[in-house]
Amino acid sequence: MATLNLLILACLGYVALLFLVAFAAERAALRGQGGWLRSPLVYTLSLSVYCTGWTFYGAVGYAARSGMEYVTIYLGPTLVVIGWWWLLRKLVRIGRAQRATSIADLISSLYGKSNLLAIVVTLMAVVGVTPYIALQLQSVALSVTAFAPPSGPDAVTIDRESSGFWVALGLALFAILFGTRNLNANERHHGVVIAIALEAVVKLLALLAVGIFVVWGVAGGVSQIMTQIDASPIGEWQMDRSRWSTLPLLSAIAFICLPRMFQVLVVENDDERHLHTAAGAFPLYLMLMSLFVLPIAVTGLQIMPAGTNPDLFVLTVPLAQGQDGLALFSFLGGFSSATSMVIVATLALSTMVSNHIVMPIWFSLRSGGASVSGDVRNVIILARRLSICGILALGYAYYVFSGGSSALAAIGLISFAGVAQFMPAMLGGIFWRGATRTGAMAGLITGFAVWFYTMLLPSFGTGVLLSAETFESGLFGWSWLRPQ
């Protein structure tokens, strides 16, 4: 119990530090002293919001289950910032020219500022990101259970659903505190960005610390750990060509189309020249994040009891070696990974919901029209705060009803495939003069329907939303309509 209390105190202190850093950054920006906030280094570190609880915890679990395939989740973004920088630059230029505040805003602007198209993109984004938010709840809830004594006089039983609820509530308050204190005409949030940059450093140092301990403190050095990797089944190079061609492409598209990534890539970009810095520095960051994944996975499989969740090796290996301080630091790294994702994702989604759904309805209900005033500002802030709560409630509902037992990597891939539906409409609007709003709408709805039936519904398991008969024989008994 003392360890859990220390964990809670550490989280509260860490959140307080992040808030102070964000508050100081906002004040500096208001006084015109925030030039350093718009540096290419801060911009590059803000891109680390791609590295969530999936990357921090799930990459090790992915490696323990599938060997080298975990590399694909790093390969896609690396290819984007190095090989697709011209596309990122074009997105930044179009976003600035159209004053786009979200991916829904950008896509709608490519097709004549169609708010109906923006609404469709917004709803798809909310549903598509829901599993990813559930993944963060699951990663934090699982990491808390790793610190609970399983037996003895101090044994603590942690209920999965209640722990997920309190995590969701805390993250909702956290996101509201960070993201809806002020309104900015261009939707840039210097305080949030600098807090995300700080979290990028924390999660990188935490993962490196665990990796260094595993290699030199447990294995006995580089040569020993390399020998263990070579002798382990997960060190064997087995390439499934279909997956190795699909997963990097999927992660590359998600790197652009995830609402939180569009927020930091395009909306928060102050200078397109920062993309050149990111092209060199961000792949280095990803390389360091992935550097010790295999050593941690191999060591965890060797020293931890059979049946131990490999997603938690980053925590359980230090705990098993009596390194409570290192385990606490690792927990803060995972907490940083989860909170940074939730803050930026809910911020981006709540902006989309308020701008394209709530405010048009509110204006249409105002008799005689409405002018820009304090009332409008209050409605926008309230809409965004309620949207954040609603989005996290959806994430919690998915976490509960899906059982929360899937590997973290599997949950992340569901969201990747969901938001990938935006890419054809985006590229079509940018490069094809013949692209039409009707065609974009049809493509989005068709792609979303296929994803919803073949990936989202099956993720809840047999007999929850789809019957066992549907899994076996297909919808209406038609075998070609089997969801998987």
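**Helix crossing, patch and salt bridges**

Biologist: How does H3 pass H14?

Modeller: H3 passes H14 in a right-handed crossing. A crossing is right-handed if the near helix is turned clockwise from the far one by less than a right angle, and left-handed if anticlockwise. Helices (H or I, at least four residues) are DSSP runs, numbered from the N terminus.

Biologist: Which residues make the contact?

Modeller: H3 brings Ala59, Val60, Ala63 and Ala64. H14 brings Val293, Leu294, Ile296, Ala297 and Leu301. Contact means heavy atoms within 4.5 Å.

Biologist: What angle do helix H3 and helix H14 pack at?

Modeller: About 65°, and the axes are 9 Å apart. H3 covers residues 53–66, H14 residues 293–303. Axes are lines fitted to C-alpha atoms, for helices over the stretch in contact, and angles run from 0 to 180 degrees between N-to-C directions.

Biologist: What kind of model is this?

Modeller: This is a predicted model: local features need pLDDT of at least 70, side-chain atom pairs count only at pLDDT 80 or more, and totals for chains, interfaces and linings use all residues. Residues are numbered from 1 along each chain as its sequence is written, and side-chain values use heavy atoms, with hydrogens and water left out.

Biologist: New topic. Which residues make the nonpolar surface patch?

Modeller: Trp85, Trp86, Leu427 and Phe431 make a patch of about 380 Å². Patch residues have over 30% relative accessible area and no salt bridge, and nonpolar side chains are joined within 5 Å. Areas come from the Shrake-Rupley method with a 1.4 Å probe.

Biologist: Which helices supply at least two residues each?

Modeller: Helix H5 (85–98) and helix H19 (422–431). Tryptophan 85 is in helix H5. It is partly exposed, at a relative accessible area of 33%. Buried means under 20% relative accessible area, exposed over 50%, partly exposed in between.

Biologist: Now salt bridges. How many are there?

Modeller: The count comes to 5 salt bridges. The rule wants a side-chain nitrogen of Lys or Arg within 4 Å of a carboxyl oxygen of Asp or Glu. One of them joins arginine 243 to glutamate 69, with the closest N and O atoms 2.8 Å apart.

Biologist: Where do arginine 243 and glutamate 69 lie?

Modeller: Arginine 243 lies in helix H11 (residues 241–257), and glutamate 69 in the loop between H3 and helix H4 (72–83), so the pair ties together parts that are 174 residues apart in sequence. Arginine 243 is partly exposed at 35%. Glutamate 69 is buried at 9%.

Biologist: What does lysine 113 meet in a salt bridge?

Modeller: The side chain of aspartate 105, at 3.4 Å from N to O. Lysine 113 is partly exposed, at 44%. Aspartate 105 is buried, at 9%.

Biologist: Which residue does arginine 273 form a salt bridge with?

Modeller: Aspartate 271, with the closest N and O atoms 2.6 Å apart. Arginine 273 is exposed, at 59%.

Biologist: On to cover. How many residues of helix H12 are buried?

Modeller: 9 of its 9 residues, from 259–267. Among them are Arg260, Met261, Phe262 and Gln263.

Biologist: And threonine 44, what does it touch?

Modeller: Thr277, Ala278, Ala281 and Phe282, not counting residues up to four places away in sequence. Threonine 44 lies in helix H2 (residues 40–46). It is buried, at 6%.

Biologist: Last one. Where is leucine 457 found?

Modeller: In the loop between helix H20 (437–456) and helix H21 (468–473). Leucine 457 is buried, at 13%. Leaving aside neighbours within four places in sequence, it is in contact with Phe452, Leu465 and Leu466.

Terms used: Patches are made of residues with over 30% relative accessible area and no salt bridge: like charges are joined within 9 Å, nonpolar side chains (Val, Leu, Ile, Met, Phe, Trp, Tyr) within 5 Å. Buried means under 20% relative accessible area, exposed over 50%, partly exposed in between (1.4 Å probe, protein chains only).
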